[in-house]
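Morning, everyone. I have one structure to walk you through today. Please have a look at it before I start.

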Amino acid sequence: MRTIDLRSDTVTQPAEAMRDAMLRAPVGDDVYGEDPTVNALQDRLAAELGFASALFVPTGTQSNLLALMSHCERGDEYIVGGDAHTYKFEGGGAAVLGSIQPQPIPQAADGTLPLDKVEAAIKPVDPHFARTRLLALENTWHGRALPFEYLAQARELATRRGLGFHLDGARLYNAATAYGRPAREVTAGFDSVSVCLSKGLGAPVGSVLLGDSKLIDRARRWRKVTGGGWRQAGMLAAAAMHALDHHVARLAEDHARARRLADALSAIDGLTLQGCHTNMVFVDVPAPRLQDLAKHMATHGIRLSIGYLPSIRLVTHLDIDDEGVERTVDAFRSFRY
């Protein structure tokens with residue numbers, strides 16, 4: 001029985017065509033800047049997303065960390081959502097490794113940071129306070145694409161108050177798909193953007209940090225300091241290039257399957273649909289039944305992330321087809337809530 005893994009879009013397996021591209025990739029030593037495939041990936045994304053420079057790194061967590069450490073110095077502060085990935089799910093790296101103080105702001109239901117609260121949190125220039133240097137957003141957030149007009153409003157505030165402006169765009173292309181806009185329009189106005197290639201795009205490893213040449217030079221040094229220098233990384237960059245060539249347009253299929261899954265689950269007694277956003281579906285089950293549900297789904301070959309978030313999150317991706325959606329719905333229907 002084929003496993004249906006809905007825990008995350010990070011679980012995707014490289015397709016044969018992607019593996020072939022990895023095998024054929026010309027490579028060099030990237031620490032010396034000599035890997036032609038890595039350089040091609042960096043140049044491509046910088047040009048496509050409207051930045052001067054880019055840096056290919058192992059993980060999205062490292063990409064965000066390098067951005068924060070390149071914008072800020074010891075004793076500086078960044079403003080971030082209280083439920084944002086960079087604050088809540090990345091091990092406190094900015095504080096632990098960068099001596100950068102996070103200033104969390106409670107997020108609205110749509111993932112935005114209320115701008116009046118952001119402005120009120122900016123510290124005066126005074127030795128008593130950390131120096132507020134950066135505003136960081138996340139798009140998508142729990143699958144939600146931030147309201148498009150909000151991006152420009154947040155940019156205006158950051159510019160007016162002299163703050164850097166960073167985007168954790170781990171699922172940037174899901175956001176662009178939801179907007180029906182080119183990804184370049186989503187990244188416009190940001191000083192730095194982190195893009196993950198190993199989620200919905202299906203590459204096995206890697207993220208890219210984008211910014212101006214000075215920021216990326218600083219990030220390259222911090223990448224080395226934090227152990228992220230790699231050598232013949234072109235094989236991984238080739239997988240990312242394949243993903244950009246073949247897996248961006250098809251994200252709309254993941255969104256459509258998530259909507260079909262949500263519509264079907266909403267009709268099941270005992271389940272409460274909390275929302276469907278891009279490629280993510282959130283449902284609630286009575287708490288005493290959660291562990292039994294996990295066992296039930298496992299017997300049907302379906303893997304869920306239960307207990308990680310308040311709701312059960314089901315994530316569609318390129319390894320989830322229509323049959324996988326139907327099997328999932330049938331398994332939920334056959335459980336006694």
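Let's begin with the two domains: the C-alpha centres of domain 1 and domain 2 lie 29 Å apart. This is a predicted model, where local features need pLDDT of at least 70, side-chain atom pairs count only at pLDDT 80 or more, and totals for chains, interfaces and linings use all residues. Residues are numbered from 1 along each chain as its sequence is written, and side-chain values use heavy atoms, with hydrogens and water left out.

Where are the domains? Domain 1 covers 16-246 and domain 2 covers 250-334. Those bounds come from an automatic or database domain assignment.

Now the interface. 14 residues of domain 1 are in contact with 13 residues of domain 2; contact means heavy atoms within 4.5 Å. The buried area between the domains is about 1200 Å². That is the accessible area (1.4 Å probe) that two parts lose on being put together, summed over both. Carbon and sulfur atoms give 62% of it. How many salt bridges cross the interface of domain 1 and domain 2? Zero, by the rule, which asks for a side-chain nitrogen of Lys or Arg within 4 Å of a carboxyl oxygen of Asp or Glu.

Next, strands. Helices (H or I, at least four residues) and strands (E, at least two) are DSSP runs, numbered from the N terminus. Two strands pair if DSSP finds at least two bridges between them.

Take strand E3, residues 76-81. Six of its six residues are buried, meaning under 20% relative accessible area with a 1.4 Å probe, protein chains only. E3 pairs in the parallel sense with strand E5, residues 131-138, over four bridges. There, Ile-79 has Leu-135 as its bridge partner. E3 also runs parallel to strand E4, residues 101-105, with five bridges. Gly-81 stands opposite Ile-105 in E4.

Over to an open sheet of three strands. The order is E9-E10-E12, and the pairing is antiparallel. The edge strands are E9 (272-277) and E12 (312-315), each pairing on one side only. E9 pairs with E10, residues 280-284, over five bridges.

Is Asp-254 buried or exposed? Buried, because its relative accessibility is 0%. Leaving aside residues up to four places away in sequence, Asp-254 touches Asn-279, Thr-316, His-317 and Leu-318. Leu-45 is 209 residues from Asp-254 along the chain, and their C-alpha atoms are separated by 23 Å.

That's my tour. Thanks.

Technical notes:
Buried < 20%, exposed > 50% of the residue type's maximum accessible area, 1.4 Å probe, protein only.
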